[in-house]
Structure formats: C-alpha cells, structure tokens
There are 2 protein chains.
Amino acid sequence: MSSTVLYMSMSLDGFIAGPNESLENGLGDGGHRLHEWAMTGDGVDLEATSRSGGANGKIVDEFMTTGAIVAGRGTFEPADGWGGDHHDGVPIFILSRDRHEAEEAKWPLVTYVSDVGTAMARAKEAAGGKDVLVHGAGTAQLALAAGVLDELQIHLIPVLLGEGRRLFEHLGADHIELEPIRILEGAGATHLRYRVRR
Amino acid sequence: MSSTVLYMSMSLDGFIAGPNESLENGLGDGGHRLHEWAMTGDGVDLEATSRSGGANGKIVDEFMTTGAIVAGRGTFEPADGWGGDHHDGVPIFILSRDRHEAEEAKWPLVTYVSDVGTAMARAKEAAGGKDVLVHGAGTAQLALAAGVLDELQIHLIPVLLGEGRRLFEHLGADHIELEPIRILEGAGATHLRYRVRR
C-alpha cells in the first residue's frame, strides 16, 4: 500500500534551511550544508549519490522511485518547479491557496490543490501503489496536523545550524508518537525513518 | 583524557521538556515522555535500566561512571540537588550567577561556579580522568558558545512533543560541526553520540 513519506534533511538542532531564505536563496544562508551528503562539487547530484551506493545511495534510490510528489510553493518555486518533472514523469501536487493556471498549462504533471488532505489522497491514488514523496516544512506541518502523513524519512545532519527555518513548528501541545522503523548510517547523514502512530 | 559530555533526552522535534515548567513540574507538561526509556512504572529507575542491559543499560552505565557533574540551577533545583550526591560521591559544579552558601555548607560535593569555562575546567580536573557529565539546556548552550563542550550524547525519543523547551537555541548563525561517533538503538530511544569539532 502507498505511504506518504516526508523526505527532509535536518540539522541536529532541527533546521531545514538557513536564515534569509528567498527565491534566489532557497536554502537560506549556509543551508547547502544540509545537502552535502547528496552533493558532488557545488551541487546536489542525485545520480552520483545513487551510484556511490551505501546508505546514501539507497535513500536516493527510494526517493527517486516514488510514484507521486506533494510539496508546497515554498519548495516548488525556488526549485523552478523542477522544470515540470521531478523524476520519471510522476504527478506533482502542489499545495497552495491559489491556482497558477499558466504553470498548469505549461507543466501537465503539475496540479494545484488547496487542501492537504485532498493533496495526499490524490497523490496516493496517482502513485500506483508506490510511496508518495512529501517535501517541505510547511507541507509537513499541515500534513502532521491533519493526520495524513504516514512516515518521516529524516536525513539527520551532524551540524548545529544555529539559525534558520525549523522543520517542526506550530504543531500544538498534543504529542505525536512515532515508531522507529529503520536507521541507516550514511557518509555525512544518519537516515532515520519513522512511522507516524495514529 | 577526560571529555565533557552532554547527556540529554530530546524529542525528534528538539524539545527536552514540555510546556509550563516549574519547580514542581520540572519536566514540563508531558515531559516525562522523554524519560520513559529509563523508567519503570512511574519513575526513572536507573538501576533497573542498567540491569536490563542492551543499549539503554550501556548508556546508563556510562552516565553513572562519570567522574564529575556540571549542571545549571534549572536542572539542579527541580531534582532537589540530587540530595547532594548525584552518584558515587563525585563532585558537582553548578553554574549560577549567585552563590548558595547554605547549600554548599549542607552538601560538600556541591560547588557554585559563575563561569562555564571555569566550571568545565574544574570538573575535568576533579573527574580523575573520567568523563564529565553535563546536564541542562542552558548549560549546554553556554558551553557550546564558549567552545568548552567536547561531546553530545543525545537520547533521541521517537515523539514530536510539539511545545516545550528546546535543547538548541540562541546559538547564533555560526555552524557548529559535529562528528558522529556512535549510534546505539535502545528500546524507546536512539542514542546518538557526537564529538564537537573545533
């Protein structure tokens, strides 16, 4: 059965981006540090990371064989919409209060959805039995609050970023219990996978 | 050589206590959840956890064979000063702007120190080659900022607490790089050990 799985790189102090994020500075100041485990040279290189094998390669392979994407505008825009195709032509559901009809016309894989529950349900349906890749802190928070996130795949990075944007905020005082299902030690990242208990 | 090692239970979302902490509610609302890995029944039971073996027992054994303690008033007071003896009569250095002479007279193992660098240096000297157990979020933040914390031993708890007190705050925008040195999977806690790079 398809699960909705949040994939995020997070510093030990809980940040997924550095301070001063903007469209041109999508990871915030110094935020590239969180993605070094999947970089060669100056940029993220998923193919090279996959080929390198080990835990990091395994994680990238899982990530790149998901059957649909759910993300927010804050992830989609700085990534230039992944050129309209994140990987392998799988459907992309973008959580947004507004429609962006020009983008939908240009990029047929992209659908705007205003409600996180609908986004997850449609993505699961579209994923053809594969997992759904969920991306972005805002989307994660909405999905956790709505009870529609099935798993967390955290790439825990051995650094204290000190400032920036936190992955987990505004969740309220009710505890959300997690079940650890896998720990993989990669070079430069510890990959922690949890199932959300409901 | 002696290392200063922060031992703290932390939720995946970075909290070490629930909201509404007070002297009578030292862990904050629901904060006991973070210590269940070392509890039997209603309370923390280090002897039972040690006897249970496994990763949790190993961690408790390490914790209880440290040679000195450094903590802040926020840790020391709600614990009633551990009755003046945390374990085995090792010296206890409490970081505080104020002296508390009545307590020092009552508890000969306890010394008040106003500066984190001095506290760590004196504790290392007093530890007789063993590690120094460091405890408390405020103390951790001061020690990280001053560059006098050698290692972090985080008991990562599979729960999102949502609200409470965070371990890592007020650290500023300079990254602090960590070197992962050990991961142990215990029942109800993943024990992550890092060396602070300097």
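# A tour of two chains and where they meet

Start by selecting Glu177(A) and Arg33(B): their side chains meet in a salt bridge, at 2.7 Å from N to O. Keep in mind, as you look around, that this is a predicted model.

**Stop 1: the contact between the chains**

Now widen the view to the whole interface. How many salt bridges are found across the interface of chain A and chain B? There are four, so counted with a side-chain nitrogen of Lys or Arg within 4 Å of a carboxyl oxygen of Asp or Glu. Eight residue pairs are also in polar contact across the interface of chain A and chain B.

Next, select the residues in contact: 32 residues come from chain A and 32 residues from chain B. Between them, chain A and chain B bury an area of about 2800 Å², and carbon and sulfur atoms give 64% of that area. To see who contributes on one side, pick out Leu12(A), Leu160(A) and His175(A). These three supply 23% of the area that chain A buries against chain B, more than any other three residues.

**Stop 2: the symmetry**

Colour the two chains separately and compare them. Chain A can be laid on chain B by a turn of 180° with a shift of 0.0 Å along the axis, giving an RMSD of 0.0 Å. The two copies are therefore related as by a two-fold rotation axis. Which C-alpha of chain A is nearest the axis? Select Gly14(A): its C-alpha is the one, at 3.2 Å from the axis.

Go back to the interface with this in mind. Because 100% of the interface residues of chain A are also interface residues in chain B, the copies meet through the same surface.

**Stop 3: the cavity**

What lines the largest cavity? From chain A, select Met10(A), Asp13(A), Gly14(A), Arg166(A) and Phe168(A).

How values were computed: Residues numbered from 1 in each chain as written. Chains lettered and ligands numbered in written order. Predicted model: local features only at pLDDT ≥ 70, side-chain atom pairs only at ≥ 80, totals over all residues. Heavy atoms only, no water. 1 Å grid on protein atoms, 1.4 Å probe; cavity = no way out; pocket = protein on both sides within 12 Å on 5 of 7 lines; lining within 4 Å. Least-squares fit on C-alpha atoms with pLDDT ≥ 70 in both. Contact = heavy atoms within 4.5 Å. Buried area = accessible area lost by both parts, 1.4 Å probe. Polar contact = N/O pair within 3.5 Å; in protein donor to acceptor, adjacent residues only side chain to side chain.
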